[in-house]
Amino acid sequence: MTEILSLGQSLELIKDIGDAQVVADQYSLNKFNGTHGIGHTRMATESGVDIRSAHPYWAYPFSDVSVVHNGQLTNYWNNRRALERKGMRFMSACDSELIAVYLANKIRDGHDLEDAMRSSLSDLDGVFTYMVATKDKLGMAKDTMAAKPMVLYESDELVALASEEVAIRSLLPHEIDTYDPYEGEVKVWQA
Amino acid sequence: MCGIAGLIHRGKSTNVGGEMQKMLQSLKHRGPDSTGYALYGSGKSKDYILRFKVGENVKEGSSAIMEDASVYDTRRDEVNKQIQEIGAKIIKEEQITPYSFRYVIKCKDDLLDLAKKNRVSRDDRNIIFGSIFGAH
């Protein structure tokens with residue numbers, strides 16, 4: 001079935017079956033030059049192994065907004081119906097997409113990214129850690145229960161964050177200091 | 001269980017595709033089934049990049065059902081048609097896999113404005129701005 005993965009002036013969304021290396025080779029991602037990115041590795045639990053169920057999700061139809069998350073939202077349908085009443089459309093039943101569309105709607109209503117993320121922590125129920133990217137920003141939010149892991153490294157040159165420190169060390173093999181964001185924490189960085 | 005990773009450079013562009021690959025590969029134990037990337041290029045172009053797929057990968061390990069390849073052509077034609085319908089023009093097209101494509105399209109209007117204009121009934125069949133996807 002046809003699926004629009006992304007439409008934007010800087011965002012390119014690529015997802016497929018296989019590990020990071022397999023997908024990167026298939027789509028020649030090693031040549032992709034840019035300022036920032038987010039990504040997701042999925043273990044199929046609730047739905048099948050196919051591209052449709054793979055993350056990240058684009059915040060349709062807002063160009064250049066994408067989301068990845070780890071965790072589960074428990075009030076998915078209430079939030080989705082509320083957003084659909086405002087004219088927002090959904091392409092999947094994945095809760096990452098709900099976060100993306102929720103944030104996009106807030107931004108459309110005039111909130112800045114950080115405000116939108118802060119209100120998501122009270123409006124969205126469940127256990128989750130998510131990252132959002134826009135044309136020139138990267139943000140992360142951790143719910144108040146903080147059950148899902150996140151490790152962060154920040155320097156003047158770059159910010160790297162991941163579910164586990166091993167991912168940050170794959171980029172920065174030298175001695176680095178990382179830390180875990182607090183529960184209910186929201187952070188946004190500019191490219 | 002899943003793994004997520006992100007990276008942002010302050011004030012410069014690098015091989016962010018290769019860097020994200022390294023980060024995600026090291027999280028393979030958290031999720032070996034599929035991998036997704038949202039990568040942000042320089043963003044200087046006024047043109048839009050469209051990434052879409054017309055089918056699934058049915059290789060070993062996939063739970064997707066094999067379809068006749070002829071439906072891919074039909075679906076792609078439909079996307080092409082709808083790009084024209086929104087008044088945009090395809091200026092470059094690449095086929096990455098039998099089912100996935102990357103287009104560069106020129107569009108006079110802001111996408112969000114276009115989407116608002118196309119915010120009609122739920123039966124709308126425009127793939128780009130419609131709800132053809134339904135609930136899955």
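Colleague: Where is A:M1 found in chain A?

Modeller: A:M1 is found in the segment before β1 of chain A; helices (H or I, at least four residues) and strands (E, at least two) are DSSP runs, numbered from the N terminus. This is a predicted model, in which local features need pLDDT of at least 70, side-chain atom pairs count only at pLDDT 80 or more, and totals for chains, interfaces and linings use all residues. Residues are numbered from 1 along each chain as its sequence is written, while chains are lettered from A and ligands numbered from 1 in the order in which they are written.

Colleague: Why does A:M1 count as partly exposed?

Modeller: Because A:M1 has 16 C-beta neighbours inside 10 Å. A residue is buried if 20 or more other C-beta atoms lie within 10 Å of its own, exposed if 12 or fewer, and partly exposed in between, with C-beta atoms placed from the backbone.

Colleague: Turning to the interface, how many residues of chain A are in contact with chain B?

Modeller: In chain A, 79 residues are in contact with 71 residues of chain B; contact requires that the C-beta atoms, placed from the backbone, lie within 7 Å.

Colleague: Which elements of chain A supply at least two residues each to that side?

Modeller: Among them are β1 (3-8), β2 (11-17), α1 (20-26) and β3 (36-42).

Colleague: What does β1(A) join in chain B?

Modeller: Five bridges join β1(A) to strand β3 (residues 48-53) of chain B, and the two run antiparallel. Strands pair if DSSP finds at least two bridges between them. Within β3(B), B:K53 stands opposite A:E3.

Colleague: And what is the strand order in the open sheet of six strands?

Modeller: The order is β2(A)-β2(B)-β3(A)-β1(B)-β9(A)-β8(A), with antiparallel pairing. Its edge strands are β2 and β8 (151-154) of chain A, each pairing on one side only.

Colleague: How many bridges join β3(A) to strand β2 of chain B?

Modeller: Seven bridges join them, β2(B) covering residues 34-40. There, B:Y37 is the bridge partner of A:G39.

Colleague: Now the core: how many residues has the largest nonpolar core?

Modeller: The largest nonpolar core has 73 residues, such a core being a set of buried Ala, Val, Leu, Ile, Met, Phe, Trp, Tyr and Cys residues joined through C-beta atoms within 7 Å. Helix α3 (residues 95-108) of chain A gives the most to this core, with seven residues.

Colleague: Which residues does A:A100 touch?

Modeller: Not counting residues up to four places away in sequence, A:A100 touches A:Y57, A:W58, A:A59, A:V65, A:S66 and A:V67.

Terms used:
Two residues are in contact if their C-beta atoms, placed from the backbone, lie within 7 Å.
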